[in-house]
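Dear colleague,

I am handing over the structure below, and my notes on what was found in it follow directly after. Please read them with the model open beside you.

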Amino acid sequence: MAVNSTQTRTRGNTRTGRAAATPAAPARRTRPGHVALAPPHPVPIAGTKPKPSASAADVVKAYLKVQVATLRSLEPAVRADEFDSVHQMRVATRRLRATLRSFGPVIPRSRTAKVAAELKWLGGLLGEARDGEVLPRHLLASLETVPVELLIGPVQARVQGHYAPRRASAREVVIKAFGSVRYAKLLANLDQLAHDPPLGPKAGAPARDVLPAAVRKAYRQASRRMRRARRAPRGHDHDVALHEARKSARRARYAAEAASPAAGKPARRFARQMKKVQSVIGDHQDTVIARHAARDLGIGAHLAGENAFTYGLLYELELHQAERLQARTRTVWKKASRRRYRRWMS
């Protein structure tokens, strides 16, 4: 399970994952030691600005074209190890998968299942590489809140030493994948899909009549999963249920983004609300994974003859943060699920 790329605002990490309208641009410096991708410059992509009156197929194809172009443009940045490029490429794979899953009546899922599976493969490799970037940063940021007198032993050094080789190994796997026949075939299939996809029974209908229903379906799944999470007992079951709800909220967000050329501002407002839900549950998921990491690091320290006290403290810090985020999730979802954000889907 990949750690979420977003961190809590109190830790000051940059949130990403916004809709990419154009391929990514060169990197720029941020705070010392970090490099972030600069906002992309407008690069016209033919067929990516459909009119509100366009057919469902034209609107979905436009979104696919943007995401395929974004994925392709990020490969050099990932090869160059530019900060956040792995995450942005992973987001492109997720947007593509969500589009193929959400709009089956426009582009039949039975005809895109193989491409979706290959996108999942690529996203999994990128997720492993992303974990190696995000998780040590998350843990080190948490340790910054611990008083110096409670930092017992070489805690920061152990965190860095534990994840550096794992990050390098995961990155090597991604770079090797870029040179594979499998990846080349995936890109070719994505190009074909974005420009000449198989068409379903509602492909020729007006997008404004077809796409809102697909977004509504994705939202309803998110709503069901949020109810399931609320009812789940505290602990592992609750954590898993929340993570599943997050995936549904993300899918609803991306579907609304894809539908926005036809649905306009209401779709964009709904997508922003789903992004807030996705982000806060993602922060919660970070604490889940960080707790497992703190436990494993503590065991490693103990077996090496070090004092493991600080790792237990780190575990507790993440547990308390999780409880705060659970309460925050309820508040954010209550607002995001208001009827006024969903009227356009009717």
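One aromatic cluster is formed by Tyr219, Phe270, Trp333 and Trp344, where rings of Phe, Tyr and Trp (its six-membered ring) pair if their centres lie within 6.5 Å, with planes under 30 degrees apart counted as stacked, over 60 as edge-to-face and the rest as tilted. This is a predicted model, in which local features need pLDDT of at least 70 and side-chain atom pairs count only at pLDDT 80 or more, while totals for chains, interfaces and linings use all residues. Residues are numbered from 1 along each chain as its sequence is written, and side-chain values use heavy atoms, with hydrogens and water left out.

Across the whole structure there are four aromatic pairs. The ring centres of Tyr219 and Phe270 are 6.0 Å apart with the planes at 70 degrees, so this pair is edge-to-face; Tyr219 belongs to helix 6 (residues 207-231) and Phe270 to helix 8 (residues 265-303), 51 residues apart, helices being DSSP runs of H or I with at least four residues, and strands runs of E with at least two, numbered from the N terminus. Tyr219 also pairs with Trp333, in a stacked arrangement at 5.7 Å centre to centre and 10 degrees between the planes. Because Trp333 lies in helix 9 (residues 309-336) and Tyr219 in helix 6, that pair ties together parts 114 residues apart in sequence. Both Tyr219 and Trp333 are buried, meaning under 20% relative accessible area, against over 50% for exposed and in between for partly exposed (1.4 Å probe, protein chains only).

As for the chain overall, it has nine helices and two strands, and buried residues make up 52% of its 346 residues.

Best regards
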